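Thank you for coming; today I would like to walk slowly through the inside of one protein. Please keep the sequence and the picture in view while I talk.

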Amino acid sequence: MAWTLGQLRTFVTVAELGSMTRAAEQLGYSIGAVSQHMSALRRAVGSELFLRRGRGMVLAEAGRTLLPRARSILAAQKQAEMAMLGRDFRSEAIVTLGVFGSASTKALPSIVRLLGQRHPHIEVRAREINVETMSAAVIDGAIDLGIGINYPAVPLPPMRGLSWTTVASEAFGIVVPAGAPRPTQTDLSEADWILPPAEELFGRAMRLATSAMGIAAKETHIVTDTAVALALAGTGLGLTLATPIMMSLGGPEVDLHPIDEAGGREIIVLTSPDPADPVGAVAEVVTDVFADSFRPRMGP
């Protein structure tokens, strides 16, 4: 097989971003140059590296096999460059961590700081991934590990090529405008509700939660983005459910009232069943950050 470091670097970037267009923007290439790199690498490998999924791209079997090896080759090349410059570059590793909105806002800075203290030779690269597709991103090899969500009311099924550990649990509460009292049962039944799409796991979990609260929620606003849902709730346009970590995407305009019947969610770290040592080290840091700093705290 004859490939170049440039082709491997382009391949890794496309795999991480799921798009040749975004890869071209990050690398400073034209889309045509990225396409040429991928075509040449596909010919060298003799197999398709990517499959189309909607508007994005996911790794085919050959791509999943190649990705960790391509990263190792690029890391070795970087080590060689540093060695030639006379620097001590003993064991640098690059680990790609998938994050979603509230985890990115609240946990990522602490994860990066703690990782730098414990494992300065490991470089973490964050990729924002839709939490609904985090499991697939790990299985496909687009990321090395991911911070994801499991809803006990609609638990994730076992998946081949995937392992996960619960690092935090938190309860749902009712989001209201700042200073507003906890809604009565009549208020809950008559209110407009801000809900995620029913086909999403979060949407299913929220509908089960409102049902457990003894109401048939009036689905007035269907919103995917948590920050938007919190903003709508803060202006009094409806009620929604959130957790303490989710509230980090809001502001002083909203309060969170606990409600025992609503259940909650688990923050999980997803990896392959037998992750490489650097991936395991990052997973341990993520676990410790959530355990030490993100214990659930409900509002008024």
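Phenylalanine 172 counts as buried, at 1% relative accessibility, where buried means under 20% relative accessible area, exposed over 50%, and partly exposed in between, with a 1.4 Å probe and protein chains only. Before I go on, please note that this is a predicted model, in which local features need pLDDT of at least 70 and side-chain atom pairs count only at pLDDT 80 or more, while totals for chains, interfaces and linings use all residues. Residues are numbered from 1 along each chain as its sequence is written, and side-chain values use heavy atoms, with hydrogens and water left out.

Which residue forms a stacked aromatic pair with phenylalanine 172? The partner is tyrosine 151, with 6.5 Å from centre to centre and 25 degrees between the planes. For such pairs, rings of Phe, Tyr and Trp (its six-membered ring) must have centres within 6.5 Å, and planes under 30 degrees apart count as stacked, over 60 as edge-to-face and the rest as tilted. Tyrosine 151 sits in the loop between β5 (145–150) and β6 (163–171), and phenylalanine 172 in the loop between β6 and β7 (173–177), so the pair ties together parts that are 21 residues apart in sequence. Helices here are DSSP runs of H or I with at least four residues, and strands are runs of E with at least two, numbered from the N terminus. Tyrosine 151 is buried too, with a relative accessible area of 5%, and ring pairs link Tyr151, Phe172 and Phe202 into a cluster.

Let me turn to the nonpolar cores, each a set of buried Ala, Val, Leu, Ile, Met, Phe, Trp, Tyr and Cys residues joined through side-chain atoms within 4.5 Å. The largest has 61 residues, and among those with the most contacts inside it are Ile147, Trp193 and Ile267. Helix α11 (residues 277–293) provides the largest share of this core, eight residues. A second, separate core of 21 residues includes Met20, Ala24, Val34 and Ala62.

Where does isoleucine 267 make contact, once its neighbours within four places in sequence are left aside? Its contacts, meaning heavy atoms within 4.5 Å, include Phe100, Ile147, Thr165, Ile245 and Phe290. Two of these names, Ile147 and Phe290, also belong with isoleucine 267 to the residues with the most contacts inside the largest core.
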